[in-house]
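Work through the exercises below with the sequence and the 3D structure at hand. Each task is followed by its solution.

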2 protein chains.
Amino acid sequence: MNKIITIGREFGSGGRELGKLLAEKLQIAYYDSEIITEIAKKTALSEEYVERILEKRPALFFPFNHSGTLHTSLAPHFNLSNTIYTEQTEILRDMAQKSDCVIVGRCADYILREKKPFRIFVYADLEHRMARCRANAPENEHLSDKQLRQRILAVDKDRRQYYRFFTGQRWGERKDYDLSINTSLGTLADWAEVIAALVQRLNGN
Amino acid sequence: MNKIITIGREFGSGGRELGKLLAEKLQIAYYDSEIITEIAKKTALSEEYVERILEKRPALFFPFNHSGTLHTSLAPHFNLSNTIYTEQTEILRDMAQKSDCVIVGRCADYILREKKPFRIFVYADLEHRMARCRANAPENEHLSDKQLRQRILAVDKDRRQYYRFFTGQRWGERKDYDLSINTSLGTLADWAEVIAALVQRLNGN
């Protein structure tokens with residue numbers, strides 16, 4: 001049986017870091033932005049643009065175009081982002097076929113559902129997420145608590161809508177995951193250690 | 001630090017069995033129906049009656065009384081069940097004070113929130129829960145699939161309403177738990193082993 005582990009995560013909850021630790025422990029591949037790079041190469045779009053589009057639900061960020069109709073200003077973006085999702089789906093399936101892996105984000109739990117991945121959702125109290133964001137922020141970032149809180153909630157909202165749009169499921173809803181963990185408690189190393197042991201057990205080794 | 005572990009659970013998901021395994025592994029006390037026995041002793045109500053009342057949200061099961069007003073038929077039951085909740089709260093606090101323990105159900109996560117228990121929620125796919133119920137059913141129980149499904153969902157509904165009534169929180173909602181596990185995967189022994197290791201880690205030993 002393949003070890004495919006997918007991680008959905010609230011912004012600032014440490015999901016990416018946990019994914020990396022878990023992949024290290026299990027000695028399997030790790031993917032998140034690598035996927036985007038791959039997509040960018042395939043579609044010849046700039047990586048930055050792809051990254052931006054992937055974080056948003058298509059219908060949400062079409063620019064207002066007073067000279068055109070809503071239809072014409074919406075359609076190209078919608079199609080573009082659907083194309084990216086299709087590419088992404090192919091790439092995720094390729095990767096999961098090639099080798100065991102941990103995949104963070106990108107609706108991988110849904111896209112790879114036929115492979116029955118081990119589906120983790122990572123979350124944390126808002127204050128812990130704020131602390132983690134502060135610790136990881138670039139030196140020149142000076143957000144107030146209020147601004148930081150708003151940013152965290154806005155990213156969550158984008159993820160929720162993106163996930164909902166492409167999967168028809170509710171982001172983070174218990175029934176669609178095998179394990180949901182609150183990283184406000186303990187260290188990510190603790191969680192990685194224990195989850196790696198669990199995955200080994202579930203795979204019978 | 002005390003090891004207080006609370007387990008909320010969907011009916012048929014194996015929460016009680018997991019709780020017992022976990023208590024064994026950690027060599028700490030285990031409570032569920034013991035609490036009820038204790039309450040029954042204190043209040044001099046029959047254990048069976050207490051058990052029945054604890055599974056229901058008070059306002060839901062007052063008998064229709066055509067000869068009285070709604071108010072008079074409702075009030076005694078409401079008060080009785082509130083009294084039981086109050087007793088239960090005291091007993092839970094006593095027990096958690098006395099020693100480390102695993103407590104299944106009874107809103108223990110909420111009642112003991114000041115002790116910062118490790119809060120687990122256990123759930124499973126409906127088909128797995130049906131299979132577990134069948135395996136544990138008394139020999140003379142012959143429910144159809146439809147009847148069994150209805151019974152499972154009805155117990156869940158009672159738990160949800162009872163929990164909501166006394167805690168003001170939503171039963172099973174991610175943010176109020178530290179760990180949510182889908183026992184459709186693996187064995188309860190697997191989960192107990194791994195959660196025991198996690199609890200040890202979080203307690204720094």
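Two strands pair if DSSP finds at least two bridges between them; strands (E, at least two residues) and helices (H or I, at least four residues) are DSSP runs, numbered from the N terminus. The model is predicted: local features need pLDDT of at least 70, side-chain atom pairs count only at pLDDT 80 or more, and totals for chains, interfaces and linings use all residues. Residues are numbered from 1 along each chain, chains are lettered from A in the order in which they are written, and side-chain values use heavy atoms, without hydrogens and water.

**Exercise 1.** Find which residue stands opposite B:I120 in strand 5 of chain B.

Solution. Strand 4 and strand 5 (residues 179-182) of chain B run parallel and are joined by 4 bridges. Opposite B:I120 stands B:L179. Strand 4 also runs parallel to strand 1 (residues 4-9) of chain B, with 5 bridges, and there B:I5 stands opposite B:F118.

**Exercise 2.** Decide whether the faces of strand 4 of chain B are covered or open.

Solution. In a regular strand, side chains alternate between the two faces of the sheet. One side of strand 4 has B:F118, B:I120 and B:V122, the other B:R119, B:F121 and B:Y123, and all are buried (under 20% relative accessible area, 1.4 Å probe, protein chains only). Since 6 of the 6 residues of strand 4 (residues 118-123) are buried, the strand is largely enclosed by the rest of the structure.

**Exercise 3.** Describe how helix 8 of chain A packs on helix 8 of chain B.

Solution. The two helices, each residues 188-202, have axes 10 Å apart and an angle of about 165°. They are therefore roughly antiparallel (over 145 degrees).

Notes:
Axes are lines fitted to C-alpha atoms, for helices over the stretch in contact, and angles run from 0 to 180 degrees between N-to-C directions. Angles under 35 degrees count as roughly parallel, over 145 as roughly antiparallel, 65 to 115 as roughly perpendicular and the rest as oblique. Buried means under 20% relative accessible area, exposed over 50%, partly exposed in between (1.4 Å probe, protein chains only).
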